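Biologist: I am new to this structure and would like a guided look at it. Could you show it to me, please?

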Amino acid sequence: MSKPTEGPVPTRPPLWRNIVVIKWVAQLGSLIALVWLAYVLITQATANLRATGIPFSWDFLGEPLGVKLSEGFNTDPESGLEALSVGMVNMIRITWSGVVAATVLGTIIGIARLSSNWIVSRIANSYIEFFRNIPLLVQILFWQALIIGVLPDLTPDMEGSRWLFASPKGIAIPWLIPQAGRWQYMVLLAVGVVVARWTYKKRIEILEREGRETHAFGWATGVFLVFLIGGWFAHPIAGVLGWLFQALAWVAGNLPVISFQWLMGGLSLALAAWFIVRYMRKLRSPAGMAKLTDDDYFRLGVAGFLGIVLFFFFVSGAGEATIIRVMGRSLTYKMNWGFEPLFNFLATKYDFSGGSPLRFSLPEVEVPTNFPRYASDAGNSMTPGFVATWLGVTLYAAAFIGEIVRAGIMAVHRGQSEAASALGLHRAQSLRLVVLPQAFRVVLPPLGSQYLNLAKNTSLGIAVAYADVVQVGQTIFNQEGQTLPVFIFWMAFYSSVSLFLSGIVNYYNRRMELVER
Amino acid sequence: MEQMTPPQTAELAPEKPRSGPWAWCRENLFAGDTWGPIAFNAFLTVAFVLIVLNLMGFVTTYLFAAERRWAAVTYNMKLLMVQAFPQDDLIRIWVSIGIFAVLVVWSLASWEFGGQISVEKMAQGVRAAFVLVFLTGIMHHGEGAASFGLPFLRFDNPADWSSIRTWIELASLAGAVAAHFFAQAAHRRESEQTVPILVVPVLGMALVTLALWTVWLPVPEGQFDETTARIATTTARPWTILFGVTILAYFVGIFLHRQRPKLMRRVLISAWILSYPIIIFVIQRDPILDWADILGFGETPFLSSDLGTLLIFGILGSVVIWVVGLPPNRAVTGATVGILGVIVGLMSFAFGDGPLWSTVLMAAIGLALVAAAITIHEPVEMVRAAGAGLAMLALIIWFVPMPFVYRTFMVALALALLSAPVFGGTEQGRANLVRAWIPISFLIVAAFLLGGSDTSLEFQSTTFLGGFNLTILLAISGLALSLPAGLVLALARTSSLPIFRLLATGYIELVRSIPMITWLFFGSAMLTAFLPSGVEFDEIVRVVAAIAIFNSAYVAENIRGGLQAINKGQYEAARAVGLSVVQSTSLVILPQAIRTVIPALVGSIIIAFKDTSLVAIIGLADVLLIARNFVPQQSDPNFQGTLTQMMFFMALFYWVFTFTISRLALRYEKSIGLGER
């Protein structure tokens, strides 16, 4: 390729052949080209949208929407933002319950696949092959078709309450309905979890020190039960928090805006400084400081630059101006970053009034005008959309989780379970105490990505009119024509959900790794 | 594997484990071992057998009940498969399937796909199927419909159901017993008997062919004069011809493979690549489209017809790429730059009704390039600078107002020119680049013909595409775009250049964190807003773009897994041998990386296929939307309210396809020994 050069070799290559220069010119050049392209596209989009008569705007967040949602904590939202938050809560509700159910079912299937019983392992295998190979959307539509087409209709003579109703109007099951006291009760339960955990650790410590059985798990359960039962009666104690929230709301309401600006600015500076310090610490070894490469300079420079820019962005008031400009005048009542309304809201929830936190209730059918329907305040009546979506995502994810669990168990060396049975543990004991904890480490990363998939898959509920954030968003942009803001909203929401979930998984992953070392 | 045991060791061989159904049951169903006591296993077995049989009984009872109208599936099969494709032009669909089938069997012949399956296993499988049918039949309850018949055995009356059931029960029992004895006989043989595995699909196809000619179904009221008809009136003949052609083609393929194995493989690879555009853009194109206009002897002048555009850009582009890739020569390069500058200037003058500054800017850049090419003394540098400059020039033309297809051509040309100095070092590389340019030109013209606008031709809509045909089109187009894009993203994400890494990481993570349906909404409802005003792509093209945006991030993550699995020593060795970055990546790293991630890539192909069903939500008439909305809700009262059984059919339909792909992939992985390294 390269010919041997004649004459004296220059000590430094010329500028256009210096690899570092070429590298950075190419990168910065493409970055600038990309930013320019983004600018062109955005101006184009702005012009195009203005030409269609629907300029880009966030106003719909604060304006009345005029549509009703099929389900959620507020089926008649007053504004676009409220509708979207109903959608978000619905999405989180179905994700949460789906994750729990899919984990349980998937673990059972994964273990069943390894069973020595031919029928059991065959059934688990067929389950996986069946549910994995059919598109999720088809499955959801299939469940919906079954609910609509096969279940018997509600009839007026069904009036009254039963343990279970299943009809084309959905499925209704008994439920614990939260009452006014639930806020106080929740606080006591959280305290109970912390105390139980502390007890568990203490008991394990004693066990390790003295070598006698301390029944750590039993102790922890007992402590939690004390809080569970005692809290039922004693929960008004937590009303103390109401004073605290009132005080906080007062502080948030009376602090000048400038203090929030400085808070955010200081936070961004602190973040940048933290990143730089951590990075430098990573480069330092006992042998001394590593030589900084151009890459390192780039990272440190970008971190510092971003910190300073953000600081001025917030402190100069430009941040607030941008938010007002982007979100529109109608949303400025949420200024002061929403702390005051939040604390005020919490303060109204905490007082010293009694009353049971939860109420057990059976589902009930009422016949107001010849058409029977589920009573809204009795039991838990789930719409066909919810049931179909939930069944779909859960059964689909369980097939994948089953495969993951199986792979995890198989990754644990055979000697481990043999050693466990040599110690005299039952099969179930060795599975619970020896195999599964080790398999968990292998299982966790793919499991996390399955949870993410499940969270994203709930968006398919739109096909069966389940009012999750995508369906509500689509309703809004059909109504208002604001497609791009809704898309940006989806992006922000789903990215935060992804970040949250992967943050949890990474946290446990790191803890698992530490255990191994 | 040694099949025969030498006679002297036969006496020492361990006692053969006891076989037979009872011993098998004791070992596998009622065993007491570490998994639990006998009672537990026995309980599990009995409970699950009962559950499964009851479930299957329930399903069959539902499926064959008198109210089910399976004619909704068979009668609407054409709608499901190709939607509104004109009846008279259906031959195009069959030709497409034929091309695909011939390519498949030729590939099987050329890559010597084989493997044997033992007769005993086959017999066991058949036995299991018959036993399942028998047991399910027992669990079936309630009345059924006389929903089918054979020419010699017609059941037109629902009351005949019980007799049909008895016949099926007896037949399946007899089949199970026969298969059992066959398996036993095969088991007792000295040497294991095998047949080629290809016999299985051939038998399956033959069965389907037979069924197409013989099985009859009731016809929905008011459709024909008869009350029953063959299940596929228009399908049987083409299908049979196809079946024969495929088998014939296989033997021809084997013959060709024996004659010229290497040439055949090379031709096959090109044929696979070319088959996609030819099927989509030539064979299945809109039947209404006027060929005269496309070929340039219609109303439009030849040079602005599609063929004319193709010729201009194909030839012009080839020449420019060829010259830029030539060994360094100052005069030639300078002349090329100058000529291109002139052409660009003329084109912007001819087509541009835009601002003057763009023409002036281009002229200035062209002059600057000529000046730079003359003043730089080293020929190699000069060629690179010229290539880069030409690319910049071509990119700038994007913003000159002229037909969109020309702009796209200029961008493609810019990319080719950028890579010309890299690949053009050798005669071979230059020839490859020019060879690649011709199909690219073809693709661009064809793509605009199918889905774009602003060509010289009047834009045709793609409403003729629909049904399963559309599903396959979306899956293949999405993959064809997302595989190269994913490769580039994966390389960028693992590269040592921080800004590229940051951009790729940001793109991948952002795209992956959002559900696919929102990307489809983006494609169908929002993408147009970002395009220059007046430019509008067809919805199918926009959706393909959205699928590619989404899939490329997943493909990139898969490939990254392979790149990270490669030992650092490989990089270092490649550098030590003196390979450049491009060479070491394309010759050393990527072949190894791709090989390790084939299972993951197959996984994402399957996911891509399954995910195409999501387009039903945004209202594209794919097979799912037709099955769910069009058929049960159409005005024909025969098919109203058939939603549940249509969804049963859809589930089975998708399952058969996906399961087949995944099994084939598994076989392929085993045959190339993946995972054994």
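**Strands, helices and the chain contact**

Modeller: Strand E3 (residues 170-173) of chain A and E2(A) run antiparallel and are joined by 3 bridges. Two strands count as paired if DSSP finds at least two bridges between them, and strands (E, at least two residues) and helices (H or I, at least four) are DSSP runs numbered from the N terminus.

Biologist: Before we go on, what kind of model is this, and how are things numbered?

Modeller: This is a predicted model, in which local features need pLDDT of at least 70, side-chain atom pairs count only at pLDDT 80 or more, and totals for chains, interfaces and linings use all residues. Residues are numbered from 1 along each chain as its sequence is written, while chains are lettered from A and ligands numbered from 1 in the order in which they are written.

Biologist: Back to E3(A): which residue of E3(A) stands opposite A:Ala166?

Modeller: A:Ile171 is the residue opposite A:Ala166. A:Phe165 has A:Ala172 of E3(A) as its bridge partner. E2(A) and E3(A) make a hairpin, with 2 residues between them.

Biologist: What is the strand order of the open sheet with E10 of chain A?

Modeller: The order is E2-E3-E10 in chain A, an open sheet of 3 strands with antiparallel pairing. Strand E2 (165-167) and strand E10 (380-382) of chain A are at the edges with a single partner strand each, so one side of each has no neighbour in the sheet. From one strand to the next, the twist averages 10°.

Biologist: And how many bridges pair E3(A) with E10(A)?

Modeller: E3(A) and E10(A) pair over 3 bridges, in the antiparallel sense. One residue to look at is A:Ile171, whose bridge partner in E10(A) is A:Met382.

Biologist: Which strands form the open sheet that includes E8 of chain A?

Modeller: That open sheet has 3 strands in the order E1-E8-E9 of chain A, with antiparallel pairing. Strand E1 (160-161) and strand E9 (373-374) of chain A are its edges; each has a single partner strand, so one side of each is left without a neighbour in the sheet. E1(A) pairs with strand E8 (residues 364-366) of chain A over 2 bridges in the antiparallel sense, and A:Gly160 stands opposite A:Val365 in E8(A).

Biologist: Changing topic, at what angle do the axes of H8 and H9 of chain A cross?

Modeller: Helix H8 (residues 257-283) and helix H9 (residues 294-315) of chain A have axes that cross at roughly 170° and come within 7 Å. Axes are lines fitted to C-alpha atoms, for helices over the stretch in contact, and angles run from 0 to 180 degrees between N-to-C directions.

Biologist: Are H8(A) and H9(A) roughly parallel or roughly antiparallel?

Modeller: H8(A) and H9(A) are therefore roughly antiparallel to each other, the term for angles over 145 degrees. The contact of H8(A) with H9(A) has 17 nonpolar, 5 polar and 2 charged residues. Here Ala, Val, Leu, Ile, Met, Phe, Trp, Tyr, Cys and Pro count as nonpolar, Asp, Glu, Lys and Arg as charged, and the others, Gly among them, as polar.

Biologist: How many residues does each chain bring to the contact between chain A and chain B?

Modeller: Chain A brings 50 residues and chain B brings 49; two residues are in contact if their C-beta atoms, placed from the backbone, lie within 7 Å. On the side of chain B that touches chain A, the elements giving two or more residues include helix H3 (38-63) and helix H27 (643-671) of chain B. H27(B) gives the largest share of that side, 10 residues. By class, that side has 34 nonpolar, 12 polar and 3 charged residues.

Biologist: What is the mean pLDDT of chain B?

Modeller: The mean pLDDT of chain B is 76, and 68% of its residues reach 70 or more; pLDDT is the predictor's confidence in each residue, from 0 to 100.

How values were computed:
Parallel < 35°, antiparallel > 145°, perpendicular 65-115°, else oblique.
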